[in-house]
Amino acid sequence: MTAASTSTAQDVRVMSLVGVAHCSSHFFQLALPPLFPLLKEAFGASYTELGLVMTLFFAASGVAQTPAGFAVDRHGAARILAGGVLLLGLGAILAAFAPGILWLMPAALLMGLGNSVFHPADYAILSHRVSGARMGRAFSVHTVGGTLGWAVAPVLMVPLAGATSWRMALLVVGVAGVVLAAVMWASRPHLETAGAAREAAHDRGPGLGGQIRLLLIAPILMCFAFFVLQSTAFLAIQGFMPLSLVSLYDLSLLLAGSTVTAYMLGSAAGSAVGGVYADRNGSYQRIIAAGLFLSGMAMLVVGHVAMPLPLLMAMIAVSGALQGFTTPSRDMLVRSAAPPGASGKVFGFVYSGLDLGAMLAPPAVGWLLDAGRPKAVFVVIAGVTIASLLTAVGVRTRRMAAGEPA
């Protein structure tokens, strides 16, 4: 094989492994919620109690992401990634044997800790192991893998639980997670960043206090704010757009729920195209600004203009595609804002903004629906989407040398 073909094969292998790992992360995020009706009946629990289980998941994930990033930068990403997948699988197995609602909480905490490693580990691996010329496509594969995990979870968990039981469904996917962890462990030679991490730790100089201060510089805080706002918009779309559409346009719950599928499929397609475009055009902030502005405006139209169902679905899918188109440029922006040798901790810190948004958004948006203001939900979606682009365009980045890992 020529050097070029060897490089291409290596890049494809790394991107595929990271994409599958990220798919598992998003899959396990939604492994429990589709089973809530069955868990409610089995344990005599309320939806509030079951919701607390997911709050614990995201709280553990958000709190642990930055420490996971420090660990990635110091010890390398491959072992930590395999460990994260293993914790997700073991958490699902623990949930399968839960005798009561309280036992789901430690399972959720364990899964949340596992979920915390993916963004710092994945982005460190891609930054160090994939050619710079394919970095946008690498980030798009990562995003598409996660989106597919979200899409597959309810489609798999509900029929599997129906054919067997909710315990068996969790046991099966938990064992699959353990097997995937073994695959990731065996793939360490293709994923390891330990050598680069040790070199960066040796050259970095500042102690723990200096490294923490590194995360509090303006570009990194702007990226963190961006992710908080993006998560707020996404949670409003994923959790409350269907209910808003039922109130506004008298759609059935089934049809309204399918609008989220349309949005996510559009987002996955947009991410795939956006990765290619980001590799060919380095104007990341312009891409983000244009895509998010148009996406926000499309959602504003959806909430205020009655239209035939096919056109409504198309408009929502287009909004998702526009948002998805920006995600590789978003990740390239974070990469270029990160100081050398700090990609793990920076990606861990800024992506913890997603978990913060996931915890804060539901009560606020739910209050709007309780107050009988479904149109306001789309105003919030459009408003925070546009606000997020303002934080992105305000990020000052450093110029990266060709082929430089973050």
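The following legends describe close-up views of a predicted model.

**View 1. Helix 14 and the elements that cover its buried residues**. Helix 14 comprises residues 284-304, a run of 21 residues. From its first C-alpha to its last it reaches 31 Å, close to the 30 Å expected at 1.5 Å a residue. Its buried residues are Tyr284, Ile287, Ile288, Ala289, Gly291, Leu292, Ser295, Gly296, Ala298, Met299, Val302 and Gly303. The cover over these buried positions includes helix 12 (218-249), helix 13 (253-280), helix 15 (309-337) and helix 17 (374-393).

View 2. When residues up to four places away in sequence are not counted, Ile287 touches Tyr277, Asn281, Phe325, Thr326 and Ser329. The C-alpha atom of Ile287 is separated by 30 Å from that of Leu191, a residue 96 positions away along the chain.

View 3. Ser388 is buried, at 0% relative accessibility. Leaving aside neighbours within four places in sequence, Ser388 is in contact with Phe226, Leu229, Gln230 and Leu292. Of these, Leu292 is listed among the buried residues of helix 14.

**View 4. Ala321 in helix 15**. Ala321 is partly exposed, with a relative accessible area of 25%. Gly266, Ser267 and Gly270 are the residues that Ala321 touches, not counting those up to four places away in sequence. The C-alpha atoms of Ala321 and Gly149 are separated by 17 Å, and the two residues are 172 residues apart along the chain.

**View 5. A nonpolar surface patch formed by Leu148, Val152 and Leu156**. Together these three residues have about 230 Å² of accessible area. Leu156 belongs to helix 7 (residues 135-163). With a relative accessible area of 38%, Leu156 is partly exposed. An α-helix has 3.6 residues a turn, so residues three or four places apart point the same way.

**View 6. The salt bridge between Asp11 and Arg134**. The closest N and O atoms of this pair are 2.5 Å apart. Asp11 lies in helix 1 (residues 3-29) and Arg134 in the loop between helix 6 (118-129) and helix 7, so the pair ties together parts that are 123 residues apart in sequence. Asp11 is buried, with a relative accessible area of 2%, whereas Arg134 is partly exposed, at 21%.

**View 7. The salt bridge between Glu192 and Arg79**. The side chains meet at 2.6 Å, N to O. This pair links distant parts of the chain, 113 residues apart: Glu192 is in the loop between helix 9 (188-191) and helix 10 (194-204), and Arg79 is in helix 4 (residues 78-96). Glu192 is buried, with a relative accessible area of 17%, while Arg79 is partly exposed, at 42% relative accessibility.

**View 8. The salt bridge between Asp279 and Arg137**. The N to O distance between the two side chains is 2.7 Å. Asp279 in helix 13 and Arg137 in helix 7 are 142 residues apart, and the pair links distant parts of the chain. Asp279 is partly exposed, with a relative accessible area of 21%, and Arg137 is partly exposed at 33% relative accessibility. The count of salt bridges comes to five.

Note on methods: Residues are numbered from 1 along each chain as its sequence is written. This is a predicted model: local features need pLDDT of at least 70, side-chain atom pairs count only at pLDDT 80 or more; totals for chains, interfaces and linings use all residues. Side-chain values use heavy atoms; hydrogens and water are left out. Helices (H or I, at least four residues) and strands (E, at least two) are DSSP runs, numbered from the N terminus. The expected span of a helix is 1.5 Å times one less than its number of residues. Buried means under 20% relative accessible area, exposed over 50%, partly exposed in between (1.4 Å probe, protein chains only). Contact means heavy atoms within 4.5 Å. Patches are made of residues with over 30% relative accessible area and no salt bridge: like charges are joined within 9 Å, nonpolar side chains (Val, Leu, Ile, Met, Phe, Trp, Tyr) within 5 Å. Accessible areas come from the Shrake-Rupley method with a 1.4 Å probe; for residues, only the protein chains shown count as cover. A salt bridge is a side-chain nitrogen of Lys or Arg within 4 Å of a carboxyl oxygen of Asp or Glu.
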